[in-house]
Amino acid sequence: MEVTWLLSGIAVWFAAGSALSVYARRRTGGGVVEYFLAGRNIGGLVSALTYSATTYSAFMMVGLVGLTYKSGAAAIGFELTYLLGTVVLLSVFGPRFWAAGRRFDLVSPGELLSLRYGDKRVGAAAAALCLVMLLPYAAVQLMGIGYLLNTLSGGGLPFAVGVLLAAGIAFAYSWWAGMRSVAWTDALQSGIMLVASVLLVLFLQTRMLPGGLGGALTARPELLRATWSFPLFLGLALPWAFFAVTNPQVVQRLYIPKDPASLRRMVLLFAVFGLAYTLLCGYLGLAAGVALPGLANPDGAMPELLSRVPGPLALVVALSIMAAAVSTLNSIVLTLSSQVGRDLARALSPSMGDARELAWGKGAIPVITLACIAFALARPGLIAVLSAMASGGLLVQLPAVTGAFFWRRGTRAGALASLLGGAAVVGALSAAGWKPLGHWPGIWGLAVATGLYVGVSLLTRPDPGAAAFHDGVEEDLKVHFGL
């Protein structure tokens with residue numbers, strides 16, 4: 001595809017998103033809650049679309065397609081595990097996060113842990129963990145765009161140019177008007193993602209695959225019979241299954257619906273979007289496996305597939321992949337920047353006011369963006385595996401988050417021990433490349449974090465404020481959700 005066409009398409013898409021962002025800025029008032037949570041006043045449809053666009057990133061159209069290309073239909077089962085786990089967790093945890101956010105005026109996920117356990121060090125530890133673990137996940141969004149644009153342009157656009165273009169757009173959307181800008185541009189981008197994937201599937205089914213995908217798979221039946229070992233499936237699937245409560249960029253979106261009805265609508269519409277998008281991307285991975293056997297780099301399956309379809313369709317799909325990557329990246333950058341201000345800066349200076357906190361948060365946006373660029377340009381690993389490993393590191397938050405809502409006996413010492421101990425195990429095993437008994441570092445990190453949380457909590461005194469937190473959340477659950 002001509003470089004001019006690619007750049008023109010990107011310019012049109014960016015102009016549309018920028019118009020939404022400018023309008024969002026006019027609607028955004030002052031203060032931390034307005035900037036990072038859009039005043040907690042987002043409707044159900046936009047909440048669902050921003051949640052979907054934040055979740056389903058370049059991982060899907062590049063990473064999941066590549067993983068399905070490499071390992072067959074088992075990869076689709078892995079992704080459906082995530083979707084099922086997310087819908088269940090949102091039904092259980094969503095009302096609780098929403099109620100706690102409203103009652104206690106919470107901004108970041110780490111702040112909830114600080115409040116529940118009565119110690120800002122708990123939120124600071126969670127924020128530091130998120131910063132370390134989410135940088136690789138954010139960077140793979142840029143890597144996906146770099147690979148895509150480089151392949152589609154026949155090398156005319158270097159990998160680094162694609163990375164810088166995507167990073168610049170994500171920075172603009174997140175910096176300009178905060179959550180309202182990100183949510184509205186996400187809504188646009190999720191629509192592009194879904195429409196483009198449907199168009200590509202229809203083209204492949206009717207024009208490129210003789211007899212459709214079902215007939216074509218008779219030539220490669222191993223794609224349907226492929227299975228994963230239990231340690232591989234557990235290592236990849238378990239972090240995704242709990243993604244909804246351990247990844248701060250999606251947890252923070254549980255604070256933004258304007259009322260309980262909007263939260264319910266968000267969960268329902270996300271489930272519909274997620275199922276459709278997962279099946280579409282799984283189809284594309286199987287189709288690439290039939291049409292393009294023998295690729296050395298599975299992450300190149302989607303770019304190679306697009307190089308064989310008509311230019312206008314390839315451009316629309318390329319823009320949808322870029323939109324998915326940017327929506328995830330700007331959401332991560334915005335959430336991490338809120339954690340820098342709320343969980344780290346305020347931990348060092350408890351008397352800090354909103355204006356200084358907002359300055360810290362906005363100041364972190366360019367720094368985090370530059371760190372993502374540096375990581376992406378290093379081109380580490382397979383995209384799907386990198387994403388799951390990053391989520392595996394975040395998985396060590398699960399005991400502290402679950403206990404925050406469901407175990408009054410959990411203590412600050414237990415929460416701190418689980419976060420620090422679990423993170424140390426994941427970091428040490430990942431650095432050494434070890435998988436004891438064949439299981440991935442995230443699995444061992446979760447096991448250690450759970451043992452530390454329960455054991456240390458039972459050996460230490462309950463926190464005085466725990467009862468007030470639980471009573472307040474349960475009261476609001478009864479009032480707003482009838483739970």
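Trainee: In which sense, left-handed or right-handed, does α5 pass α11?

Mentor: α5 passes α11 in a right-handed crossing. The term applies when the near helix is turned clockwise from the far one by less than a right angle, and anticlockwise gives left-handed. Before we continue, this is a predicted model, in which local features need pLDDT of at least 70, side-chain atom pairs count only at pLDDT 80 or more, and totals for chains, interfaces and linings use all residues. Residues are numbered from 1 along each chain as its sequence is written, and side-chain values use heavy atoms, with hydrogens and water left out.

Trainee: What makes α5 roughly parallel to α11?

Mentor: The axes of α5 and helix α11 (residues 230–241) cross at roughly 30° and come within 8 Å. That angle makes α5 roughly parallel to α11, because roughly parallel covers angles under 35 degrees, roughly antiparallel those over 145, roughly perpendicular 65 to 115, and oblique the rest. Axes are lines fitted to C-alpha atoms, for helices over the stretch in contact, with angles from 0 to 180 degrees between N-to-C directions. The helices themselves are DSSP runs (H or I, at least four residues), numbered from the N terminus.

Trainee: Which residues of α5 and α11 meet?

Mentor: From α5 come G77, F78, T81, Y82, G85, T86 and L89, and from α11 come F233, L236, A237, W240 and A241. By class this contact has eight nonpolar, four polar and no charged residues. Contact means heavy atoms within 4.5 Å. Ala, Val, Leu, Ile, Met, Phe, Trp, Tyr, Cys and Pro count as nonpolar, Asp, Glu, Lys and Arg as charged, and the others, Gly among them, as polar.

Trainee: Why is α1 called oblique to α16?

Mentor: The axes of helix α1 (residues 3–27) and α16 cross at roughly 50° and come within 10 Å. An angle of that value makes α1 oblique to α16. The crossing of α1 past α16 is right-handed. W5, L6, G9, I10 and W13 of α1 touch L315, L319, M322, A323 and V326 of α16, and the classes here are nine nonpolar, one polar and no charged.

Trainee: How do you know that α19 and α21 are oblique to each other?

Mentor: Helix α19 (residues 398–406) and helix α21 (residues 441–459) pack at about 40°, their axes 8 Å apart. They are therefore oblique to each other. L398, P399, A400, G403 and A404 of α19 are in contact with L446, A449, T450 and Y453 of α21. Seven of these residues are nonpolar, two polar and none charged.

Trainee: What lines the largest cavity, and which helix gives the most to its lining?

Mentor: Of its 13 lining residues, P109, L113, V245, Q397 and V401 are the closest to the centre. α6 gives the most to this lining, with four residues. By class, ten lining residues are nonpolar, three polar and none charged.

Trainee: Which residues line the second largest cavity?

Mentor: T55, Y56, F59, M60, E79, Y82 and W240 line this cavity, whose volume is about 30 Å³. They divide into five nonpolar, one polar and one charged.

Trainee: Which classes make up the lining of the second largest pocket?

Mentor: Its lining has four nonpolar, one polar and seven charged residues. Among them are D105, E111, K120, R342 and D354. α16 supplies the largest share of this lining, four residues, and the pocket holds about 220 Å³ of space.

Conventions: 1 Å grid on protein atoms, 1.4 Å probe; cavity = no way out; pocket = protein on both sides within 12 Å on 5 of 7 lines; lining within 4 Å. Points joined across faces, edges and corners; volume = space filled by probe spheres on them. Helix = DSSP H or I, 4+ residues; strand = E, 2+ residues; numbered from the N terminus.
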